[in-house]
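Me: Please show me the model, and then I will ask about its chain contacts.

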There are 2 protein chains.
Amino acid sequence: MKRRLYMKEEKAIVVFSGGQDSTTCLFWAKERFKEVETVTFDYGQRHKLEIECATEIAKKLDVKHHILDMSLLHQLAPNALTREDIEISEGNEDNLPNTFVPGRNLLFLSFAGILAKQVGAKHLVTGVSETDYSGYPDCRDNFIQSLNLSLNLAMDEDMTIHTPLMWLDKKQVWELSDELGVLEIIREETLTCYNGIKSDGCGECPACKLRNNGLRQYLDSKGEK
Amino acid sequence: MKRRLYMKEEKAIVVFSGGQDSTTCLFWAKERFKEVETVTFDYGQRHKLEIECATEIAKKLDVKHHILDMSLLHQLAPNALTREDIEISEGNEDNLPNTFVPGRNLLFLSFAGILAKQVGAKHLVTGVSETDYSGYPDCRDNFIQSLNLSLNLAMDEDMTIHTPLMWLDKKQVWELSDELGVLEIIREETLTCYNGIKSDGCGECPACKLRNNGLRQYLDSKGEK
């Protein structure tokens, strides 16, 4: 059964990385809003391929695709601040330096909110989730609600942040894409794999395992019905 | 009578432009906190001279001065987005294009909050005010309170945003600097003038008029006592 709520006169911005989650959100938004635009944040991450992938998908779906350069983020990374009181790790499992910036999603969503205002969109859609994910505090529902208020107060606006995946696990995200009639497209076209392999990916990295386990669980449960 | 509240074990970040307001906040913070650092946002504004001025003051006071490049902000300016639905003015009284970005202070304070977390500061100090000012929504007290919560939720933190000037008019800001024993320093060393002239400035631009009227009012009221 499709759960559709049309808001045909309204415009939305989807925070879009080209991965499974945000692409599901993009299709979700396209069903609901008269006009949809996407925004991708480029901060020189290892997911450069993800950005190419996002660009391709946006092109295919004929939605406007804003790419915002967020390299400024690196100014806030521990190694850029060169403080003795910050411990800098030599590398994590990917052999990358510890350059993670807390509150990153706060910045991304703030930029997205301002972009929304500038292009006349009353809706922001983001694929953040509390379930099955890493537990970054700025992906949690209470933060999103607070930021929604902050954005509106900051700009005298009446905007809504939508988080269609907030309470879904990976199996349920696949289920949602099936309800939207786009499971196969999402399976084929999106990139989640840490090793940069589209579709079902390398199958070995944590992102592939999470994605593929969810898919298997969903297809199994569907076969059982 | 000096209203001092010492928090000697705590560290604060002051959002600092080199103008009268933020310099008053810097002295206010230096009285209260064990350690104070400053942050200035460089977004290529006409106040380049203000940044030099801020650097000089920070040097004299021997406080660490972070300068964050915020040129990415221009990506959100109307002319960068090239949307037909945004009206672009040809220029304002300074003959500059209409590149003002709403919610700018939301971004600045978010960056400052993340910087604070990265350097171990529990306090943020900003000179925003509801009084005598232009009425940008992201300078109002309700926004600051909301952002304070959003910042803490975003980073699992326990930070406080201080706004010592929120309810003061220009006369009272001068009074505060006098209470702090730094009225003359602020009068001599800070830059408020749109024409880039330090101290009492050109005397003609709106910023000079506001500043100088406040000073005259304060000095008059002091003389009367």
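Me: How many residues does the contact take from chain A and from chain B?
Reply: This is a predicted model, in which local features need pLDDT of at least 70, side-chain atom pairs count only at pLDDT 80 or more, and totals for chains, interfaces and linings use all residues. Residues are numbered from 1 along each chain as its sequence is written, with chains lettered from A and ligands numbered from 1 in the order in which they are written. Two residues are in contact if their C-beta atoms, placed from the backbone, lie within 7 Å. On that basis, chain A gives 37 residues and chain B gives 37 residues.

Me: Which element gives the most to the side of chain A that touches chain B?
Reply: Strand E3 (64-69), helix H3 (78-81), H4 and helix H5 (141-155) of chain A each supply at least two residues. Helices (H or I, at least four residues) and strands (E, at least two) are DSSP runs, numbered from the N terminus. With 10 residues, the element that gives the most is H4(A).

Me: Where does Asn195(A) lie?
Reply: Leaving aside neighbours within four places in sequence, Asn195(A) is in contact with Gly201(A), Cys202(A) and Cys205(A). Ala207(A) is 12 residues from Asn195(A) in sequence and 9.5 Å from it in space, C-alpha to C-alpha. Asn195(A) lies in the loop of chain A between helix H7 (183-189) and helix H8 (206-224).

Me: Is Asn195(A) buried, exposed or partly exposed?
Reply: A residue is buried if 20 or more other C-beta atoms, placed from the backbone, lie within 10 Å of its own, exposed if 12 or fewer, and partly exposed in between. Because Asn195(A) has 14 C-beta neighbours inside 10 Å, Asn195(A) counts as partly exposed.
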